[in-house]
Amino acid sequence: MKAVTTSPDRPDADATPPADVDVVLPCLDEAEALPWVLDRIPAGWRALVVDNGSTDGSAGIARELGATVVHESRRGFGAACHAGLEAATADIVCFCDCDASLDPGQLVPFVREVAAGGADLVLGRRRPETWRAWPAHARAGNLVLARMVRRRTGLRLHDLGPLRAARREPLLSLGLTDRRSGYPLQMVVRAADAGWRVDEYDVPYLPRTGASKVTGTWRGTVRAVRDMSRVLAEPPSEGAAR
């Protein structure tokens, strides 16, 4: 089986974080959470808030708080993430949910490891702070998918969470095509096919602000699992570059 390093701590969390980093924040009606999230973007990094059709003024709030706003009219988590990746200009690109469930400041050691060449892709293993942070149906779906990923790729991952970091150009070279819930999984699968080194860090997982657009209900969870199962059924990608 391929090795995945899991680190329970954030090494050198107080050290100066690497520069030249863009943080992609897919956003759909997250006006309430945005101030908390953007306040925690490490100094010197650029926040790319990808507005995916918000009707609560999220784009305006993000702009007022100093973020760069990217508009993506095609609905879908993957569509928003990929629009942010294409709009990014930094060498290293991070991804983080925009619902205040994850602190983007936790990305500092992720970026440090990628910049140092210790890993090609670093993922966050969510550790719920309260039972409300991760409902039973969402945990069950994630457990099933983690096992499926192990069988498909050999990576012993525990989570497929949205907090992650990698270099922009290699990410683009993966040729990601999913534009819905399967996008984060497709990134991991194609990275594994390309022989990337994948590391996993423990990160605190907080109760999100507002209702989840994907796993807030059993129906949403089933739909997400279906999308991701389709990704796992894809044959190994050809030409995926490290």
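The side chains of Asp22 and Arg46 meet in a salt bridge with an N to O distance of 3.1 Å, a salt bridge being a side-chain nitrogen of Lys or Arg within 4 Å of a carboxyl oxygen of Asp or Glu. The pair joins distant parts of the chain, with Asp22 in strand β2 and Arg46 in strand β3 (residues 46–51), 24 residues apart. Helices (H or I, at least four residues) and strands (E, at least two) are DSSP runs numbered from the N terminus. The structure is a predicted model, in which local features need pLDDT of at least 70 and side-chain atom pairs count only at pLDDT 80 or more, while totals for chains, interfaces and linings use all residues. Residues are numbered from 1 along each chain as its sequence is written, and side-chain values use heavy atoms, with hydrogens and water left out.

Asp22 counts as buried at 3% relative accessibility, whereas Arg46 is partly exposed at 27%; buried means under 20% relative accessible area, exposed over 50%, and partly exposed in between (1.4 Å probe, protein chains only). By the salt-bridge rule the count comes to 11. Another of these links Asp99 and Arg208, at 2.9 Å from N to O. Asp99 lies in the loop between β5 and α4, and Arg208 in the loop between β8 and α8 (218–232), 109 residues apart. Asp99 is buried at 5% relative accessibility, and Arg208 is partly exposed at 22%. Glu30, Asp99 and Arg208 are linked in a network of salt bridges. Asp159 forms a salt bridge with Arg126, the closest N and O atoms being 2.8 Å apart. Here the loop between α5 and β7, which holds Asp159, is linked to strand β6, which holds Arg126, across 33 residues. Asp159 has a relative accessible area of 0% and is buried, and Arg126 is buried at 13%.

Arg126 also belongs to the lining of the second largest pocket, where Arg125, Arg126, Trp134, Asn142 and His158 lie nearest the centre among 14 lining residues. On a 1 Å grid over the protein atoms alone, a pocket is an open set of points with protein on both sides within 12 Å along at least five of seven lines, a cavity is a set where a 1.4 Å probe fits but cannot get out, and lining residues have an atom within 4 Å of a point. The volume of this pocket is about 180 Å³, a volume being the space filled by probe spheres set on grid points joined across faces, edges and corners. β6 (121–128) and α5 (136–153) each supply at least two lining residues, and α5 gives the most, with six. The lining has five nonpolar, two polar and seven charged residues. Ala, Val, Leu, Ile, Met, Phe, Trp, Tyr, Cys and Pro count as nonpolar, Asp, Glu, Lys and Arg as charged, and the others, Gly among them, as polar.

One cavity of 30 Å³ or more is present, and the largest cavity holds about 70 Å³ of space. The elements giving two or more residues to its lining are α3 (77–87) and α7 (183–193), and α7 gives the most, with three. By class, the cavity lining has nine nonpolar, no polar and two charged residues.

The mean pLDDT of the protein chain is 86, and 84% of its residues reach 70 or more, pLDDT being the predictor's confidence in each residue, from 0 to 100.
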